[in-house]
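Subject: Structure for your review

Dear colleague,

Here is the structure you will be working with. My notes on it follow below.

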Amino acid sequence: GRGADRAAWGGAGEAEVAQALGLVAVAGYIDCRKCYDHVIICALSRSAYRAGLGWLGQLAVDQYQSDRRVRWAGAMSKPIHPVWGMPAGCPFANGWLHVYSKPAMQEVSRKGDAQLRTYVDDWRLFARGIARRATG
């Protein structure tokens with residue numbers, strides 16, 4: 001989508017700048033679209049609390065952990081009590097994914113000259129540093 005295109009062009013531009021400065025550049029692109037399915041709900045609650053979003057986080061957790069049922073051909077299933085994953089289509093899922101992932105994002109950004117940029121569920125890690133050596 002548009003976010004991936006923007007990330008690719010931004011990375012290409014940063015690589016050109018690094019090359020002009022004689023530096024090595026490395027980029028990693030991560031598509032987190034499946035991450036929503038693997039968020040551990042009780043860990044989301046702790047992350048929201050640490051971020052100062054206690055009651056709001058608890059509201060989301062209560063929503064995500066509420067019993068769900070499947071209706072198939074008129075028959076209703078027994079209640080399903082989810083322990084991970086955010087429901088598809090939740091308008092707040094992107095924000096909660098960032099709250100949940102914040103410790104990992106901070107750790108990556110803290111290491112060296114790496115820059116972490118995010119756009120919805122696309123992450124781009126870009127680092128430049130070591131001077132290029134002449135080959136030949």
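By a nonpolar core I mean a set of buried Ala, Val, Leu, Ile, Met, Phe, Trp, Tyr and Cys residues joined through side-chain atoms within 4.5 Å. Please keep in mind that this is a predicted model.

The core

The largest such core has 17 residues, and those with the most contacts inside it are Leu 44, Tyr 64, Met 86, Trp 96 and Leu 97. Helices α2 (41-50), α3 and α4 (93-110) each supply at least two of its residues. The most comes from α4, which gives 5 residues. In soluble globular proteins, nonpolar side chains tend to be buried together.

What does Trp 96 touch, not counting residues up to four places away in sequence? The list is Leu 44, Ala 48, Leu 53, Leu 56, Gly 57, Ala 60, Tyr 64 and Met 86.

Ser 47 sits in helix α2. Its relative accessible area is 9%, and because buried means under 20%, Ser 47 counts as buried. Apart from neighbours within four places in sequence, Ser 47 is in contact with Val 99 and Tyr 100.

Helix α3

Helix α3 covers residues 54-65, which makes 12 residues. Which residues of α3 are buried? They are Gly 57, Ala 60, Val 61 and Tyr 64. Looking down the axis of α3, these buried residues fall within an arc of 100 degrees, and therefore they line one face of the helix.

The chain as a whole

The chain has 4 helices and 5 strands. Read from the N terminus, the order of elements is α-β-α-α-β-β-α-β-β. Of its 136 residues, 25% count as buried. The chain exposes about 9700 Å², with carbon and sulfur atoms supplying 59% of that area. Among contacts between residues at least 6 apart in sequence, 61% join residues at least 24 apart.

Loops

Ala 73 lies in the loop between β2 (71-72) and β3 (75-76). Ala 73 is not a glycine, yet it has a positive phi of about 50 degrees. Most residues other than glycine have a negative phi. Is Ala 73 buried or exposed? Its relative accessibility is 79%, and exposed means over 50%, so Ala 73 counts as exposed.

Ala 88 is in the loop between β3 and α4. With a relative accessible area of 83%, Ala 88 is exposed as well. Along the chain Ala 88 and Asp 37 are 51 residues apart, while their C-alpha atoms are separated by 8.6 Å.

Cysteines

How many disulfides are there? Counting pairs of cysteine sulfur atoms within 2.5 Å, the total comes to 0 disulfides. Cys 35 has a relative accessibility of 30% and counts as partly exposed, because that value falls between the 20% and 50% limits. Cys 42, with a relative accessible area of 42%, is partly exposed too.

Regards

Note on methods: Residues are numbered from 1 along each chain as its sequence is written. This is a predicted model: local features need pLDDT of at least 70, side-chain atom pairs count only at pLDDT 80 or more; totals for chains, interfaces and linings use all residues. Side-chain values use heavy atoms; hydrogens and water are left out. The expected span of a helix is 1.5 Å times one less than its number of residues. Buried means under 20% relative accessible area, exposed over 50%, partly exposed in between (1.4 Å probe, protein chains only). The arc is that of the directions from the helix axis to the C-beta atoms. Contact means heavy atoms within 4.5 Å. Accessible areas come from the Shrake-Rupley method with a 1.4 Å probe; for residues, only the protein chains shown count as cover.
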